[in-house]
Amino acid sequence: MHHQFRSDYIELADKRILDALSKYSLEQNIPYGFDYHSENASKYILNTFGSAEGRVYFLEGGTQTNLLFISYCLKHYEGVIAADTGHINVHESAAVEGSGYKILTVPNRNGKIYPEQIKELLEKNNDVHTVKPRMIYISNSTETGTIYSKKEIIDLHEFAKANKLYLFIDGARLGSALTSKENDLEKTDLGKYCDAFYVGGTKNGLLFGEALVVNNQDLQIDFYNHIKNKGAMLAKGYALGIQFEEAFKDNLYFELAAHANEMASLVKAGLTKIGVEIYPSPTNQLFINLPRDIALKLIEVFGLEKWIDNGNMMVVRIVTSFSTTKEDVDDLINYIKELL
């Protein structure tokens with residue numbers, strides 16, 4: 001069977017994460033995330049990202065994390081600004097809007113949004129009859145595999161502060177963004193230039209889990225109560241703490257992400273050599289344009305996801321992960337070469 005390139009969370013977990021869980025499987029811990037593993041993991045994460053006044057909340061998945069934080073921050077007449085391609089807008093089954101919070105979308109530019117676009121939206125939504133913008137939501141890396149530069153993050157941060165908006169960064173693939181060869185964002189910038197961000201584990205070699213880091217102390221007040229109220233407080237929270245402790249005590253989290261990016265670079269180089277059209281992406285998500293019949297065959301054999309169907313041509317997504325090998329990449333490239 002061929003290696004599947006469908007996504008970066010179709011394997012269970014990296015062996016070192018599973019070994020850590022096995023090591024502590026019979027250890028008794030305080031439940032609900034108040035154990036020493038979670039405490040250690042929190043310290044590692046806050047130190048890594050330079051968030052001296054931050055607080056870490058371990059949650060199970062990305063949709064849950066987005067919904068919990070957005071619903072905590074907003075009143076029901078307030079909305080969250082996102083790219084039209086933003087994960088909360090297109091891939092979370094209306095979790096945010098179904099809970100009573102409007103998503104105010106702006107057209108993406110390579111998956112990203114910019115202050116001048118948000119300024120235009122603020123000018124339109126400026127009276128009592130409209131939804132009041134209150135939060136800017138972005139993903140890094142984005143839904144199209146692109147990343148924000150340091151300047152772009154700072155510009156959004158300064159705009160948000162000037163206009164009394166929160167800035168929230170979805171980090172489901174944060175590891176891939178920060179280890180990209182095109183990245184100029186320092187890890188510690190995350191502790192400075194946003195109200196909150198999260199560190200994605202589900203899509204980077206952990207069994208499951210996201211670490212939400214809330215930098216803004218005002219947004220930490222009673223957030224544990226909010227988690228419990230929404231049914232999101234995991235009784236065996238130490239299962240999350242153990243994983244993030246293992247991922248951050250050395251450099252495993254970033255090693256796994258860097259490997260996924262390296263494999264994506266090999267895929268890109270191989271496809272370029274055989275003349276396949278590739279959309280710009282410096283991370284572990286690649287988008288390629290192929291004749292429809294070939295694309296459908298790759299979907300069947302390698303599990304690629306259909307992204308855009310243009311009739312005779314189709315854009316499909318290739319995603320590499322912590323477990324992808326050079327042999328897997330060679331197999332994919334050779335298969336596409338034979339089809340072409």
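Ala94 lies in the loop between α4 (87-90) and α5 (95-98); helices (H or I, at least four residues) and strands (E, at least two) are DSSP runs, numbered from the N terminus. Although Ala94 is not a glycine, it has a positive phi of about 60°. This is a predicted model, in which local features need pLDDT of at least 70 and side-chain atom pairs count only at pLDDT 80 or more, while totals for chains, interfaces and linings use all residues. Residues are numbered from 1 along each chain as its sequence is written, and side-chain values use heavy atoms, with hydrogens and water left out.

The peptide bond from Asn140 to Ser141 is cis, with omega near 5°. Ser141 belongs to the loop between β4 and α7 (150-162).

Ile81 stands opposite Ile136 in β4.

Contact means heavy atoms within 4.5 Å.

α2 also has a helical partner. Two packed helices are described by the angle between their axes and the distance between the axes. For α2 (residues 36-48) and α10 (residues 238-249), the angle is about 40° and the axes are 7 Å apart. α2 and α10 are therefore oblique to each other; angles under 35 degrees count as roughly parallel, over 145 as roughly antiparallel, 65 to 115 as roughly perpendicular and the rest as oblique. The crossing of α2 past α10 is left-handed, a crossing being left-handed if the near helix is turned anticlockwise from the far one by less than a right angle, and right-handed if clockwise. Among the residues making the contact are His37, Ala41, Tyr44 and Ile45 of α2 and Tyr238, Ile242, Phe244 and Phe248 of α10. By class, the contact of α2 with α10 has seven nonpolar, five polar and two charged residues. Ala, Val, Leu, Ile, Met, Phe, Trp, Tyr, Cys and Pro count as nonpolar, Asp, Glu, Lys and Arg as charged, and the others, Gly among them, as polar.

Rings of Phe, Tyr and Trp (its six-membered ring) pair if their centres lie within 6.5 Å; planes under 30 degrees apart count as stacked, over 60 as edge-to-face and the rest as tilted. By this rule there are 18 aromatic pairs. One of them is the tilted pair of Phe58 and Phe244, at 5.3 Å centre to centre and 35° between the planes. Phe58 lies in strand β1 and Phe244 in helix α10, so the pair ties together parts that are 186 residues apart in sequence.

Glu246, Ala247 and Phe248 of α10 make the contact with Leu252, Tyr253 and Phe254 of α11. Five of the contact residues are nonpolar, none polar and one charged.

The other sheet is open and has four strands in the order β8-β9-β11-β10, with antiparallel pairing. β8 (277-278) and β10 (305-309) stand at its edges, each with a single partner strand, so one side of each is left without a neighbour in the sheet. Helix α11 (residues 252-273) packs on the sheet and touches β8, β9 (285-291) and β11, its direction making about 25° with that of β9. β10 and β11 (residues 313-319) run antiparallel and are joined by four bridges. Lys306 has Val316 in β11 as its bridge partner.

Helix α12 lies across β9, β10 and β11, running at about 135° to β9. α12 (residues 292-302) packs with α13 (residues 326-339) at an angle of about 150°, with the axes 11 Å apart, and passes α13 in a right-handed crossing. Ile294, Lys297, Leu298, Val301 and Phe302 in α12 meet Asp331, Leu332, Tyr335, Ile336 and Leu339 in α13. This contact has eight nonpolar, no polar and two charged residues.

How values were computed
Axes fitted to C-alpha atoms, helices over the stretch in contact; angles between N-to-C directions. Pairing = 2+ DSSP bridges.
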